Amino acid sequence: MIRAAVVTVSDTCFRGEKEDVSGPAVAEMLRANGFRVDGLRVVPDEQTLIEETLIAASKVSQLVVSTGGTGLSPRDVTPEATRNVCDKMVDGIAEIMRAEGLKQTPYAALSRALCGTRGKSLILNLPGSPRGAVTSLGAVLPVVGHALALLADMPVRHDAPDSAKLNDKEFERP
Amino acid sequence: MIRAAVVTVSDTCFRGEKEDVSGPAVAEMLRANGFRVDGLRVVPDEQTLIEETLIAASKVSQLVVSTGGTGLSPRDVTPEATRNVCDKMVDGIAEIMRAEGLKQTPYAALSRALCGTRGKSLILNLPGSPRGAVTSLGAVLPVVGHALALLADMPVRHDAPDSAKLNDKEFERP
Amino acid sequence: MIRAAVVTVSDTCFRGEKEDVSGPAVAEMLRANGFRVDGLRVVPDEQTLIEETLIAASKVSQLVVSTGGTGLSPRDVTPEATRNVCDKMVDGIAEIMRAEGLKQTPYAALSRALCGTRGKSLILNLPGSPRGAVTSLGAVLPVVGHALALLADMPVRHDAPDSAKLNDKEFERP
């Protein structure tokens, strides 16, 4: 069973001013698709905090899904945090999410959601709205599953720079 | 009324060897769509000069539209200048412009036009040809309007890194 | 006649454990489309080595096509090497390759193949599978031809930063 972590990025949810609907919706969709959800965490829109959370989550979960913080507001920094902690960006997955969103609303063009790998984990940004999050996740789940299989099957090579990182204590999985 | 600035990036127009047709065409389209055009400026394809112009324009205009300098020539550096002065890139708008352009010509794939935010302003690159510029702008105007509304409604938070920048003298709006 | 170089990036082909099928297939397609293929080279998935090979190839060939190393494995670093040696990225060509690939398989979303310019040369990543490589190349050949014509016609301006690079010994063409 593939392990997944869900991270809701939202100032208002973090302060308890709004209920987190997107995080649980994403978690439910992941469970329905055979993932074991390690946990839901809510963090404010603070880049350093988001980065730390993504790093910690990627140590235990092969798939780390965030929801929120992908828009144009000065506080929306989830993509920036994601780029900072990823080894490789997978632009094609971001493109598919936007293309699928555009079928529903032209404003999907404003989502800056990214996807990338950190070690053997995949980090996937989803928009903050429950509907946008679920639509985006649904659009890429088959490809994400394939990506995770590829990442999991990968033999760890000790001479490779990325696998070297994977052998670091910081990246150790339980 | 939303304020817009138009910046034509072209060595030949700057040197007066060619008349600037794209800039006025873009300005006319903006006015027809309810923008107040603050001014048209023509700059040569010099990256530092383009950056300074985009920065200055974004201090007074919510929308800054450039035309030209998005191709493959060594002198085409508008996207590089744009990336340098933006806080956030909005890849989805660049994708839509290219997708729309591809309906007219496969060579639209060679446009490297970008879109991003600087403070509360949106900076949008358009191709240099009058037809390409107007096609690209038309393709994204509804989304651009929505993005500007989002950016304008944004409460400035003094604890946020981006809003901090906004409070800088450099970013002050009249 | 436009000169092209083909670079196969593959650990297993480099070690002779697998026959290089993609490189010759790409070379054949290029010849069939009127290119003169300067040579086929096979390199392992080592970023520095790939970068050196792309740089050397771009000194003599207007088009440098790589195949392989565009996936998610820790060893897949062709896009990273390509970005490092390019002056400008041409995102639209990468988008077209992925869009064309998606018509055959959703997993084309996982290709991280890039395209960019170095001096007056175009560097194009293709996926490692023979079918993926040929499909991607076929999808962009007309646009690539146009891009090369643009790059070849470009007058070298001695005051421009990029042309300055072109006059460097390092960039000299025979």
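Guide: In chain A, 73% of the contacts between residues at least 6 apart in sequence join residues at least 24 apart; a contact means C-beta atoms, placed from the backbone, within 7 Å. This is a predicted model, where local features need pLDDT of at least 70, side-chain atom pairs count only at pLDDT 80 or more, and totals for chains, interfaces and linings use all residues. Residues are numbered from 1 along each chain as its sequence is written, while chains are lettered from A and ligands numbered from 1 in the order in which they are written.

Visitor: What pattern does chain A follow along the sequence?
Guide: Helices (H or I, at least four residues) and strands (E, at least two) are DSSP runs, numbered from the N terminus. Chain A has seven helices and six strands, running β-α-α-β-α-β-α-β-α-β-β-α-α.

Visitor: How do I read two packed helices?
Guide: You describe them by the angle between their axes and the distance between the axes. Axes are lines fitted to C-alpha atoms, for helices over the stretch in contact, with angles from 0 to 180 degrees between N-to-C directions. Take H2(B), residues 22–32, and H6(B), residues 130–153: the angle is about 25° and the axes are 9 Å apart. H2(B) and H6(B) are therefore roughly parallel (under 35 degrees).

Visitor: Which residues of H2(B) meet H6(B)?
Guide: Ser22(B), Ala25(B), Val26(B) and Met29(B) do, against Pro130(B), Ala133(B), Val134(B) and Leu137(B).

Visitor: And how many residues of chain C are in contact with chain B?
Guide: 19, against 14 residues of chain B. H6(C) gives the most to that side of chain C, with six residues.

Notes:
Contact = placed C-beta atoms within 7 Å. Parallel < 35°, antiparallel > 145°, perpendicular 65-115°, else oblique.
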